[in-house]
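Here is a friendly walk through one protein model. Have the sequence and the coordinates at hand as you read.

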Amino acid sequence: MEASDRLVPIVDDLVRALHRAVADHQVTEPEWRQALAFLTELGTADEWVLLSDVLGISVAVDNNTYHQEGDETPSNVQGPFYRPGAPLVSPPVTLGRDDEPGDPCFVAGSVLAAGDHRPLAGALLDIWQTNHVGLYDHEDASQPEWNLRRRFHAGEGGGYELRTVVPGPYEIPKHGPVGRLLAAVGRHAWRPAHFHVKVSADGFQPLTTMIYFEGDPWLHDDTISSVKPGLVIPLAKHDRPDRLRARGLDRRFYTGAFDFVLKATRR
Ligand code: BEZ
Ligand code: FE
């Protein structure tokens with residue numbers, strides 16, 4: 001069998017790193033058996049990807065795959081909670097229910113081409129998020145299926161506008177082997193609040209990314225280390241009665257803006 005030019009040096013490096021750790025820490029046979037049992041349990045619990053996430057490998061591999069250049073929007077990992085086929089809606093776009101609990105939040109922006117910032121009319125946006133207390137629809141029996149998951153097209157000028165609620169921070173699944181590992185090494189499972197977004201347009205590389213919010217308590221301590229400076233936006237709070245009236249609301253609301261800048265497909 002022919003050896004793979006790419007695999008051989010990677011396996012060599014991994015083996016060298018493991019030998020170094022075993023020697024430096026004088027790992028014993030019972031400890032190594034425990035480690036192997038943990039890896040077996042990871043597979044049974046289908047948590048290999050989650051392990052990759054909390055070790056920061058998923059983000060590193062995402063960066064290697066979709067390296068960001070110039071003014072392009074940085075990519076980010078998809079995470080385990082994406083569901084293809086969210087309801088496709090037309091403006092006015094609302095991600096949640098009419099009476100969705102939490103702080104209403106209006107987000108607007110454009111989908112643009114990297115370089116000349118030409119608007120990409122009709123680009124498809126696919127957004128998913130948790131509710132105000134950090135629960136996705138499938139984790140919360142009080143939310144209808146597909147709640148806070150929508151697809152919609154940018155307008156003729158590449159613009160979009162949506163209404164939603166400010167999502168809450170949340171802990172990643174922590175009742176399996178990965179959660180035990182985090183606890184054993186004194187780490188928490190929290191992620192800062194975020195929107196997940198996929199954006200696609202003909203002739204451009206599809207983008208998967210996340211948007212975070214300034215002031216989030218976990219912004220600088222994300223358990224999957226995925227926060228990037230170009231993906232953090234301020235949310236402006238509005239509570240003046242005239243502003244509430246103009247939006248037809250009886251409680252404070254927030255506004256934010258984000259432009260998605262896509263890289264042309266290489267021909
Ligand atoms: C998420 O943001 O949905 C996520 C990403 C990685 C691990 C767990 C959750
Ligand atoms: Fe998420």
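This is a predicted model: local features need pLDDT of at least 70, side-chain atom pairs count only at pLDDT 80 or more; totals for chains, interfaces and linings use all residues.

Residues are numbered from 1 along each chain as its sequence is written, chains are lettered from A and ligands numbered from 1 in the order in which they are written, and side-chain values use heavy atoms, with hydrogens and water left out.

Let us start with the overall layout. Six residues of domain 1 and nine residues of domain 2 make the contact, where contact means heavy atoms within 4.5 Å.

The size of an interface is often given as the accessible area lost when the parts come together. Here the two domains bury about 680 Å² between them, and 63% of it is on carbon and sulfur atoms; buried area is the accessible area (1.4 Å probe) that two parts lose on being put together, summed over both. On the domain 1 side, Phe38, Glu41 and Leu42 lose the most area to domain 2, together 75% of what that side buries. One salt bridge is counted between the domains. Glu41 and Arg180 meet through their side chains in a salt bridge, at 2.9 Å from N to O.

**A nonpolar patch**

Leu18, Val22, Val27, Trp32, Leu36, Leu39 and Trp48 make a nonpolar surface patch of about 600 Å². Patches are made of residues with over 30% relative accessible area and no salt bridge, with like charges joined within 9 Å and nonpolar side chains (Val, Leu, Ile, Met, Phe, Trp, Tyr) within 5 Å. Areas come from the Shrake-Rupley method with a 1.4 Å probe, and for residues only the protein chains shown count as cover. Helix H1 (7–24) and helix H2 (29–44) each give two or more residues to the patch, and H2 has the largest share, three residues. Helices (H or I, at least four residues) and strands (E, at least two) are DSSP runs, numbered from the N terminus.

**Salt bridges**

The structure holds 13 salt bridges, each defined as a side-chain nitrogen of Lys or Arg within 4 Å of a carboxyl oxygen of Asp or Glu. Some of them are listed here.

| Pair | N to O distance |
|---|---|
| Arg83 and Asp137 | 3.7 Å |
| Asp103 and Arg252 | 2.9 Å |
| Glu171 and Lys174 | 3.1 Å |

Arg83 lies in the loop between helix H4 (57–65) and strand S1 (93–94) and Asp137 in the loop between strand S3 (124–129) and strand S4 (149–153), so this pair ties together parts 54 residues apart in sequence. Asp137 is buried at 6% relative accessibility, whereas Arg83 is partly exposed at 25%; buried means under 20% relative accessible area, exposed over 50%, and partly exposed in between (1.4 Å probe, protein chains only). Arg83 and Asp137 also belong to a network of salt bridges with Glu145 and Arg149.

**Helix H5**

In helix H5 (residues 177–184), Pro177, Val178, Gly179 and Leu182 are buried. Their cover includes H2 and helix H3 (48–54). After H5 comes Gly186, with a positive phi near 75°.
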